[in-house]
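Me: I would like a close look at one part of this model, namely the pairing of its strands. Please treat it in one connected account.

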Amino acid sequence: MEKKGRVGLPDLPNAVKGETAFRLPPEPSGYMTVGHAMAFTINYLYKEQYDGELWLRFEDTNPRKVLPQYYDSFRRGIGWLSIRYDHEKNVSDDMEVIYEAGRELLEQGRAYACSCDEAKVKELRFEGTPCEHRGGSVEANLRVWDELLAKKHKDGAYVVRFKGDMKSRNYSLRDTNLFRIISHPHPLTGERYSLWPTYDLANAVEDEICGITHVLRSSEFRNELQAQLREALRFRRIEVIQFSRFNFKGTPVSKRLLRPLVEKKVVSGWDDPRMPTIDGLRRRGIIPQAIREFTLQVGYTKTEHEYDWSILLSVNRKLLDPLSKRMFFVPEPARLEVEGAPIKKATLAFHPQKDLGSRTIDTEGEFFVPSADLGTMKKGTVFRLMDLYNVRLTAEGSSPRGEYAGDGLVPDSKKVQWVTRAHSEAVVTVPGELFSEGGVYNKESLKEVAGYVEEAASGLSPGDIVQFPRFGFCRLDAPARFILAG
RNA sequence: GCCCCGGUGGUGUAGCCCGGUCAAGCAUGUUAGCCUCUCGAGCUAGCGACGCGAGUUCAAAUCUCGCCCGGGGCACCA
């Protein structure tokens, strides 16, 4: 019997087709990254598999961090990935509902208003000692609650805490904060609210009202706390499946590390092709299908991992291969004079197998070929100008010359790409890993190769991806500028 | 420090729940070769791994215990 690895993603526990709901929960506080893309893809794949509902839900409950352009970044990225969701909402749309939950906890005596300062809360939490506010009456708590809603208090004056277990070994259960005052304008709700819920509560409430059945997310959260909150609010049980973050070698997603590079203009921006952002990957020539395929291949696990770019790049190349026109790019060109060269109108196919059309090139005796190739050849060597004819090298060195050596394909002859005098200059950017081993910026992370491209390249539009034979798949980024995808 | 969660070749993963068919599969990588007018794609073959130690058992990658290492949490971030 033949052995097989896992095909596709594993089945989900307690998932009934047609009765599932999933969510994509970005915090719009930064640009969308590959990590988001992969997590979203997993949720989307399951939504499809189980014929479920999918929510795009912006977790925007910290007005200090949230910015309008980031909402767009996620919408764009998700659209680019062809992830179709059924509903879109912002947690900030539901403040009233979350307030109701807060009030209910207060009424139940499961939460209380606390006016200790931050340092004291921390200290007592560490000691496992409750503060004097914990024992306050429901009435008193509700009175403060109404004042909080009426914006009668300044930032930091109060915090609403969940009554957990101050002696729990799990510190997140030691009366964590459910609400805090942030009088900072919110990009969507402006000055309307200043009492904002923290993640755990907002999340529990949102998952309930969205009817989420399965949560698939990276594991850096406080499960037990959320379970207790759900129970206190008498919410349904949901399946939570956690996995490790998706890290790529030499490319951390941490804003703390990335932002300085953008600010100091070490990279060209958040969309620099070396960046782990979706905009970066797109500029680099990674196509959305490759991200999906890659995600499917690596799946998700709880083990920490650091993906090598080679796997994603390999998947990308395979997908690109049948779609990409071949065009000649000659890096570090050397001029080659060919004696006895026939004057030809050569019609060359854009692809060796697929019918992607062709272009016609007028050739005489002047060519440009990679100097690196000429450098390895001795006088007398017969090589072939790809798709054209053979040339015998008659002079090496600084002004190489050759002579026409027939049209017939010579077995095992070296094939070299070429351009004629009708070419244009181009630069190919070769992105590498942003950071080297020690976590320091890798100065070698971006290289540039200058050369000539054939005339047909002038018909390309920014965003088009072609294969430069013997060089790689490249995406036209700007006029005369390409980026190597792999 | 305390609480979770992990540790299969260079990298990523399958297998672990229900011990034998696993002297460990697949992908990527790399080497050699085939095919091809590409250093792409495709094909063939080789290379390369069960963190350490003990225990249970006829039998352990799979179960138990200890240790080591890594990640996350212990935020008025999400």
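How many bridges join strand S1 (residues 21-24) to S2, and is their course parallel or antiparallel?

Reply: The model is a predicted one, in which local features need pLDDT of at least 70 and side-chain atom pairs count only at pLDDT 80 or more, while totals for chains, interfaces and linings use all residues. Residues are numbered from 1 along each chain as its sequence is written, and chains are lettered from A and ligands numbered from 1 in the order in which they are written.

S1 and S2 run parallel and are joined by four bridges. (Strands are DSSP runs of E with at least two residues, numbered from the N terminus; two of them pair if DSSP finds at least two bridges between them.) Within this pair, Ala-21 faces Glu-53 of S2. Strand S2, which spans residues 53-58, is mostly covered, with five of its six residues buried (20 or more other C-beta atoms within 10 Å of the residue's own, all placed from the backbone).

An open sheet is formed elsewhere in the numbering by seven strands, in the order S12-S24-S25-S26-S22-S23-S13. The pairing in this sheet is mixed. Its edges are strand S12 (325-326) and strand S13 (329-331), each of which pairs on one side only. For S13, the partner S23 comprises residues 446-454, and the two strands run antiparallel. Three bridges join S13 to S23. Across this pair, Pro-331 stands opposite Gly-451, a residue of S23.

Conventions. A residue is buried if 20 or more other C-beta atoms lie within 10 Å of its own, exposed if 12 or fewer, and partly exposed in between; C-beta atoms are placed from the backbone.
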